[in-house]
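Good morning, colleagues. Please have the model open as I speak.

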Amino acid sequence: MNNPEIVVIGAGVFGLSTSYNLSLNGYEVLLIDKSFPASEASGKAMGRLDPILGGVGSTLEKANSLGRPDDQKELSEESFKLHLNNHKDLIKSSMIDYDFQSIPTLQIIHSENELTQLIDLIPEWNQKGFNSKIITDQNEFIDSRISNNHIGLVLINGVVFLDSFKFCQSLFKTCEISGVKFENFDVTTFSNTKNGIEIRNKDHIIRPKKVVISTGPWTNFLTEQIGVSIDIKPLKGEMLKVEPFNEPLEFHLHGKVSICQKLDNLLWIGATKSNYTFNSKKTKTAQDELIHLASEIIPEIINNKIVDHSVCFRPMTPDAMPAIGPIDAGKNIWIASGGGGWGILHSFNIGQEITRMIKKNTDISRFSGINVKRLIYN
Ligand SMILES: Cc1cc2nc3c(=O)[nH]c(=O)nc-3n(C[C@H](O)[C@H](O)[C@H](O)COP(=O)(O)OP(=O)(O)OC[C@H]3O[C@@H](n4cnc5c(N)ncnc54)[C@H](O)[C@@H]3O)c2cc1C
């Protein structure tokens, strides 16, 4: 396929969801990746689908709040519903079970300020179906392994976890079923001239009519070749998996880190945030930090053997919102990136939204605050 209608570059969760939706809408799609699908953050993420608690990135003010910032609420809530509505069909059609399961969260309350915030947030969460309650009575039995080093806990029901690698495999399988072609292709040269778009490396050349760049934190490596810089940077995250306790952990514990026992039976501890860098080295500093913060929540975790230590990169925007839309006047070159710390959660929605925009040839999104235009700085 040397001249396909649309090439999607990058088979992470955004590229997979985009390819799937484009092909469902009748486009002939070639998906390419320098490695295998979900070889980067999309296959290594914690896999938490949580539209109510705040998350990584964003301004200091937003990052310090326990609840979702207002600008993320609509996108995150709709994205969460898409996961709830789609997961059975996706698993059935791909025949790949991606461990979709609801795990109650216990949010650790560290300060009076957090308690005040939670008292305000809980009625809103309850109204949205995330049945939550504050537990300040130390005698109320939750899990005796949890340290008393806090002023209370909030029990939040309804948050979902999945295995992000299996989820992407499932998306990839449905892409194949719906006719998406896949090629291993490391795009080293990208150009857009009056003769059209060219995607190259030393062995191949492809000339598609349109292209969607969904290369996550590597977005600028391609767009800068056509003179466009976008404020998307790699926010490095390290995670650990440790052996489980004899008694399973039934809650996702969320404080300064997350601790969660997933269906692989391991305890996942995540995640660090370190400077904008592509350095993929696993660091002892991150390992020590994760174990230290986890042991503030469950002291005895310090004895559990580490079985895995991973590194991956969030495609981070300054406002922690995705970045989608066209970047050239002819609307032939599109971006689907900026998943930040919530790319798995937002993936179905981003794939649908960019497909709608491409189909209508519009740069106007249904969601405010996600247009890539806001991040182009030259
Ligand atoms: C530690 C950690 C934990 C996380 N936990 C969660 C979570 O619990 N819930 C959640 O919703 N999100 C989570 N995320 C965020 C989520 O993982 C990311 O937002 C999402 O995976 C980004 O997807 P992507 O498709 O944009 O990018 P990526 O997954 O990075 O995919 C980009 C793809 O592009 C390919 N590529 C790059 N350059 C080229 C090129 N030149 N030619 C060809 N191919 C190329 C790469 O090989 C890669 O496959 C987490 C992230 C981290 C780092």
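The axes of H4 and H6 come within 9 Å of each other and cross at roughly 65 degrees; axes here are lines fitted to C-alpha atoms, for helices over the stretch in contact, with angles from 0 to 180 degrees between N-to-C directions. This is a predicted model, in which local features need pLDDT of at least 70 and side-chain atom pairs count only at pLDDT 80 or more, while totals for chains, interfaces and linings use all residues. Residues are numbered from 1 along each chain as its sequence is written. Helices (H or I, at least four residues) and strands (E, at least two) are DSSP runs, numbered from the N terminus.

At the contact (C-beta atoms, placed from the backbone, within 7 Å), Leu-90, Ile-91, Ser-93 and Ser-94 of H4 meet Ser-170, Lys-173, Thr-174 and Ile-177 of H6.

Now to H6 itself, which spans residues 164–177. Its buried residues (20 or more other C-beta atoms within 10 Å of their own; exposed means 12 or fewer, partly exposed in between, with C-beta atoms placed from the backbone) include Phe-167, Leu-171 and Phe-172. Among the elements covering the buried residues of H6 are helix H1, strand S2 and helix H9. After H6 comes Gly-179, with a positive phi near 105 degrees.

Finally, where is Gly-330 placed? Gly-330 is in the loop between strands S19 and S20. Gly-330 counts as exposed because it has 11 C-beta neighbours inside 10 Å. Lys-210 is 120 residues from Gly-330 in sequence, with 9.7 Å between their C-alpha atoms.

Key
Expected span 1.5 Å × (residues − 1). Contact = placed C-beta atoms within 7 Å.
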